[in-house]
Amino acid sequence: MEVTDANLQLLAGYLQQTLSADPNVRRPAEKLLESTELQQNYPVLLLNLIDKATVDMTIRVAGAIAFKNYVKRNWAADEDSGEPDRIHESDRNTIKTLIVTLMLHSPTALQKQLSDAVSIIGKHDFPKKWPQLITEMVEKFASGDFNVINGVLQTAHSLFKRYRYEFKSQLLWEEIKFVLDRMAKPLTDLLQATMQLAKVHENNADALKVIYSSLVLVNKVFFSLNSQDLPEFFEDNMNIWMNAFQEQLSCDVPCLRTDDDDDAGVLEHLRSQVCENICLYARKYDEEFKPFMENFVKAVWELLVKTSLQTKYDSLVSNALQFLSVVAERKHYHGIFENPETLARICEKVVIPNLDIRPSDEELFEDSPDEYIRRDIEGSDIDTRRRAACDLVKTLSINFEQKIFGLFGQYLEILLGKYKQDPVANWRSKDTAIYLVTSWASRGGTQKHGITQSSELVPLPQFCAEHIVPELERPNVNELPVLKAAAIKYVMVFRSLLGPQTLAGCLPQLIRHLPAESIVVHSYAACSVERILTMRDANSALLFGPQIIAPHANPLVSGLFATLAITGSAENEYVMKAIMRSFHVLQANAMPFMALALPRLTEILTFVAKNPSRPLFNHYLFETLALSIKIVCQADASAVSSFEEALFPVFQGILQQDITEFMPYVFQMLSVLLEVREGSGPIPEPYWALFPCLLAPALWDRKGNITPLIRLLSTFIKQGSSQIQALGKLNGILGIFQKMIASKANDHEGFYLLHNLLVYYNGPELQSSMRQIFALLFQRLSLSKTAKYLTGIIVFFCLYVVKVGGSPLVQLIEEIQAGMFGMVLERVFITDMAKVSKELERKIVAVGVAKLLCECPEIYSGQYVSHWLRLLHTLIDLFEREPEKMPYLDVEAATGDAEPGVDAEPGYQAAFSQLTFAQPKVVDHVAEVADARQYLASSLSSLAQKRPGELPNMLAPLEVDYKQMLQKYCDQAGVRIA
């Protein structure tokens, strides 16, 4: 693909089409760009287009986003997969040569996207493959052009912000030192120069806006560079930085004040970042920060007292309150807070005003319910005033419990008294009271269980009975919705402490609130019901099982489905999750509702497939469908055809239209349907019509498809191997195996496929392909050996022994290279067998190795007899020692309460999310062996009978404790080996 005007024009046209609202225009353009992105010069063409001032800005922005997503998808794709590099080396070098300069002279809309791309490239290439990046950036500080300087700072911020959360490692230290050696002094010089310029231009509003924007970015970079440890340079120059922070907190620049009540201006951003920085130092570098602490506490206190309640100050107030919380945690600063008058002033002037609900919060509740919920119950309110004030209350209540509870106890009575006088006018007082109780009572908890520890000074069940239940019992579910939501949230948060009796009383009231008009209220009601239904007693039995829920089933299920018909809640994830959970608890008791529920679920699926936009809702929708299939087909397996009839047209539409977000789910659902059919006859024709499409290479290029496709292929192999043979599709399946086994990320999937072929594929052509399969396995072993791959190959070899035999395994490996089986025993089995960790895999290995020891003449008496004793020794170790813990990613099934991993980032490929209720059945390929230890004993006994007098001599060199273990196995199996 050459960089020509014609190609630029063509690319611009396709980018224009990707912006179309019409999926028939948009999708083909997206697919075409995706199919051409691996051609040489494609990214260079994109950068040239982005740089062309004559091109329409919307197309340039679309190009910048496409470039960023291209980098995300491909820059490091080969690192984990072991596949060939997707980006040509010349393109990589050209990108790194052009991108910084291009980013710095681009308009702001493009600069942000290109800056993100630089940080993605930097994450993988910097500093080793891109050492000149920092030098190139720091040189721009001397340009004097603050638009360029801000571009550099924005990139530095994007590049270094991962230092805030990455785990400590030698590599990370070396990288940070590399950056500090080149960046710390220039950044400090830039801070001083910029502070000076702010004074020079104090009457120039436009200049000040740019200058203060630079200071915000300087502070952000400072935070990142100081996050892991206190760098020596910054410690030596702490006076410069702390004095600058003090000045930035106290300065007031009238011309930078904004009239906007909602969006923070540059001054608010600057002070907020300063509070974050001093909070970091107070928390991590307490000793070095001590001389500055008192002045900062005073400055932050004064700032909080004079800052009003407008939304634009939220982040600033939140970070300021967090700073006070950190200071209050430290014992040596207790003196600042111990004075009762000081505590009273903190509560009155700072905490209470920030706990009250504001008009802007009420607007959010009404106009942006999703955002309100996200902040309020999903824990993303980390930067809200209420959360920060709540954290300060918690800290103070731990260290100054009696004084704080005395103050808040009085205030609580005043708030509740105001509400009693006039509930309609003073409902906000009760909302604050409930929030106050929730914040001071919450000492520890999890999302799964809610709050599990609380302060003894707050009688939660009593408060619930006196102040929460009356709100839930009000006849009108649409009255005072904010207060209703607070009351429902109280039940949800303290569900583990309220007791089953209280919850059982609240449950009908929560169900009654499902049809409430307010999105927040019915979402909270659904969420509360769902979380209550997950609760378990001390014996791990459901606290509210089917017998308790059955009487409420009709209003519960009909209420949840009715909620989905309310405007704004058609794709409400809390409601869909509650439907899923209700069906899970009800099980067979859900059957009466299926006739109405299934057409409705299918209708919803058809609707959301047109434009998937709510990943969690979609996940729970598929979970509910999978669960429904299991419940109905458990009662009547023939009902599977009704599901197929209803769902196949939708699934076919999803696959034909290439709706990537849903394809991993569709493959899982098809597996579920096929697995229900197992043993009921041949696979129906519609599945076979789909089968050739499953082998299409394009499907396997998407990471999210791989796990569910492997499972679906394996299901076809298990139930229809003769049909696969008749269609001549084995080579296609072996091609998939070859692709999987070559990838570090997916080799376990290749082994899973191979296991199913070995166990279920009856055609003779598989055995004729075995030598080629083994050659591929050994090729990967020699080129790229990993711990995960080693365990995979050991398990496969042992399964081969179990299903085909030990001697055929030895002969097959020897045909590839004479003497190679000895190397396999020496360097694979004996050294790495202990790393096999999963229980069923350990059992396969144990049975396979026992067969090698006792049924394979090449090992017990032939050329490899010298390995016999060590192999037995290693097998006993496998039985008696804990498996070695491996650092690689273990592909375990998700637990029932796990949240799906949903990748909602635009531009990413659809991620695979395992459906909990579509888990593949766990198959024991050696089910005929009940106990592997006893199997070894019986096998040794058979060998002793076959070769009388030899076994005692073979076992003679074995250590005493190993002999004792063997004797124990024999005693358990009731056999003798000598």
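Let's start at Asn-74, a residue of helix H4, which covers residues 57–74. The model you're looking at is a predicted one.

**Around Asn-74**

- Asn-74 is buried, because its relative accessibility is 0% and anything under 20% counts that way.
- Leaving aside residues up to four places away in sequence, Asn-74 touches Glu-37, Leu-38, Arg-86, Ile-87 and Arg-92.
- With one of these, Glu-37, there's a side-chain link too: a polar contact of 3.0 Å joins it to Asn-74.
- Asp-85 is eleven residues away from Asn-74 in sequence, and their C-alpha atoms are 8.3 Å apart in space.
- Arg-92, one of the residues that Asn-74 touches, also lies over the face of Trp-75, 4.6 Å from the ring centre.

**Aromatic rings**

- Search the whole structure and you get 34 aromatic pairs.
- One of them is Phe-289 with Phe-296, a stacked pair with 5.6 Å from centre to centre and 20° between the planes.
- Why does that pair count as stacked? The angle of 20° is under the 30 degrees that stacking calls for, and the centres, at 5.6 Å, are within the 6.5 Å needed to pair.
- Elsewhere, a charge meets a ring: the charged end of Arg-182 sits over Phe-178, 3.7 Å from the centre of its ring.

**The whole protein**

- Helices number 50 here, and there are two strands.
- The radius of gyration is 33 Å, close to the 30 Å that the globule rule gives for 978 residues, so the protein is as compact as a globular protein of that length.
- Its C-alpha atoms fill a box of roughly 95 × 70 × 65 Å along the principal axes.
- How much of the protein is buried? Of its 978 residues, 54% count as buried.
- Take the contacts between residues at least 6 apart in sequence, and 74% of them join residues at least 24 apart.
- The accessible surface comes to about 42,200 Å², and carbon and sulfur atoms account for 52% of that.

Notes. Residues numbered from 1 in each chain as written. Predicted model: local features only at pLDDT ≥ 70, side-chain atom pairs only at ≥ 80, totals over all residues. Heavy atoms only, no water. Phe/Tyr/Trp six-rings, centres within 6.5 Å; stacked < 30°, edge-to-face > 60°. Lys NZ or Arg CZ within 6 Å of the ring centre and 35° of its normal. Helix = DSSP H or I, 4+ residues; strand = E, 2+ residues; numbered from the N terminus. Buried < 20%, exposed > 50% of the residue type's maximum accessible area, 1.4 Å probe, protein only. Contact = heavy atoms within 4.5 Å. Polar contact = N/O pair within 3.5 Å; in protein donor to acceptor, adjacent residues only side chain to side chain. Rg over C-alpha atoms; globule rule 2.2 N^0.38 Å. Areas by Shrake-Rupley, 256 points an atom, 1.4 Å probe, with all protein chains shown as cover.
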